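Trainee: I have just opened this entry and would like to be walked through it. Could we begin once the structure is on the screen?
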Amino acid sequence: MFYERYRVFYGYVNEGGTYQQIQRSKAAMLLVLRQELQRLFRNQGLVSLLFVVFAAVLFPLIGLSPEIRDVFQMTTIGAFSNAMVLVLTLVLLYFEDHKGAAYTSALFITMNAGLTYLLLPLGPDSYGLSFAIGCTIAFAFSLIRLIRYVSEIDYHTFSRSESPPRTDTFRRVGEWLNERSAS
């Protein structure tokens with residue numbers, strides 16, 4: 001549903017829609033985006049919460065250790081945040097916020113790697129914690145970035161400079177790789 005509203009909005013922008021058409025379609029697009037993200041956060045959050053709670057109850061009943069339960073719970077929280085990061089990064093890319101998507105990805109990998117490096121010496125008690133914290137920080141950043149970006153969507157849409165695609169480098173690398181594989 002979001003994609004349909006997105007196409008209508010940018011259709012009006014690119015094909016010369018009236019100001020009223022553009023404003024109405026923008027409002028509809030942002031409303032659907034907000035509704036779909038809220039539904040996703042709510043539903044996935046509820047499922048993740050249920051897994052965390054059920055792990056606390058079920059893992060001892062089936063004989064799994066508290067350490068395994070703790071790792072599972074931390075990983076479940078991290079998986080929720082990771083899924084949200086992926087969705088929000090995709091939405092940022094829809095709006096062509098390449099910098100926001102790149103910053104989100106860089107923060108995600110940096111936080112996960114850095115926290116893993118720092119927390120790994122603590123042993124099994126910290127397993128999963130770096131993933132949960134790193135993903136949650138990247139999730140918060142990407143959500144804030146998206147909110148700020150769409151609050152200025154008119155500016156980003158109408159002041160975007162058209163730059164030619166930079167394909168020469170990739171073309172040259174591809175040709176070089178083809179020559180190497182042929183020999």
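Trainee: Which residues of α3 are buried?

Mentor: The buried residues of α3 are Gln73, Thr76, Gly78, Phe80, Ser81, Met84, Val85, Leu88, Thr89, Val91 and Leu92. Buried means under 20% relative accessible area, exposed means over 50%, and partly exposed lies in between (1.4 Å probe, protein chains only). Helices (H or I, at least four residues) and strands (E, at least two) are DSSP runs, numbered from the N terminus.

Trainee: Before we continue, what are the ground rules for the model?

Mentor: This is a predicted model, in which local features need pLDDT of at least 70 and side-chain atom pairs count only at pLDDT 80 or more, while totals for chains, interfaces and linings use all residues. Residues are numbered from 1 along each chain as its sequence is written, and side-chain values use heavy atoms, with hydrogens and water left out.

Trainee: What covers the buried residues of α3?

Mentor: The cover includes α2, α4 and α5. Contact means heavy atoms within 4.5 Å.

Trainee: And how far apart are the end C-alpha atoms of α3?

Mentor: They are 42 Å apart, which agrees with the 42 Å that its 29 residues should span at 1.5 Å a residue. The expected span of a helix is 1.5 Å times one less than its number of residues.

Trainee: Let us take Thr76. Is it buried or exposed?

Mentor: Thr76 is buried because its relative accessible area is 12%. This residue is in helix α3, and its side chain reaches the backbone oxygen of Phe72 at 2.7 Å. Such a polar contact is a pair of N or O atoms within 3.5 Å; within protein, one must be able to donate a hydrogen and the other to accept it, and residues adjacent in sequence count only if both atoms are side-chain atoms. Apart from neighbours within four places in sequence, Thr76 is in contact with Ser48, Phe51 and Val52.

Trainee: What happens just after α3?

Mentor: Glu96 takes a positive phi of about 60 degrees there. That is a positive value in a residue other than glycine. Glu96 lies in the loop between α3 and α4 and counts as partly exposed, at 37% relative accessibility.

Trainee: How does α5 itself look, then? Which of its residues are buried?

Mentor: In α5, the buried residues are Ser130, Ala132, Gly134, Cys135, Ala138, Phe139, Ser142, Leu146, Tyr149 and Val150. Their cover includes α2, α3 (66-94), α4 (98-119) and α6.

Trainee: Changing topic: what is the volume of the second largest pocket?

Mentor: Its volume is about 200 Å³. On a 1 Å grid over the protein atoms alone, a cavity is a set of points where a 1.4 Å probe fits but cannot get out, and a pocket is an open set with protein on both sides within 12 Å along at least five of seven lines; lining residues have an atom within 4 Å of a point. Grid points are joined across faces, edges and corners, and a volume is the space filled by probe spheres set on the points.

Trainee: Which residues line that pocket?

Mentor: The lining of the second largest pocket consists of Leu30, Leu33, Arg34, Leu37, Gln38, Phe41, Leu143, Leu146, Ile147, Val150 and Ser151. The elements giving two or more residues to this lining are α2 and α5 (129-151). The largest share, 6 residues, comes from α2.

Trainee: Finally, where is Thr157, and what does its side chain do?

Mentor: Thr157 is in helix α6 (residues 153-158), and a polar contact of 3.2 Å joins its side chain to that of Tyr10. Thr157 counts as buried, at 9% relative accessibility. Not counting residues up to four places away in sequence, Thr157 touches Phe9, Tyr10 and Val13.
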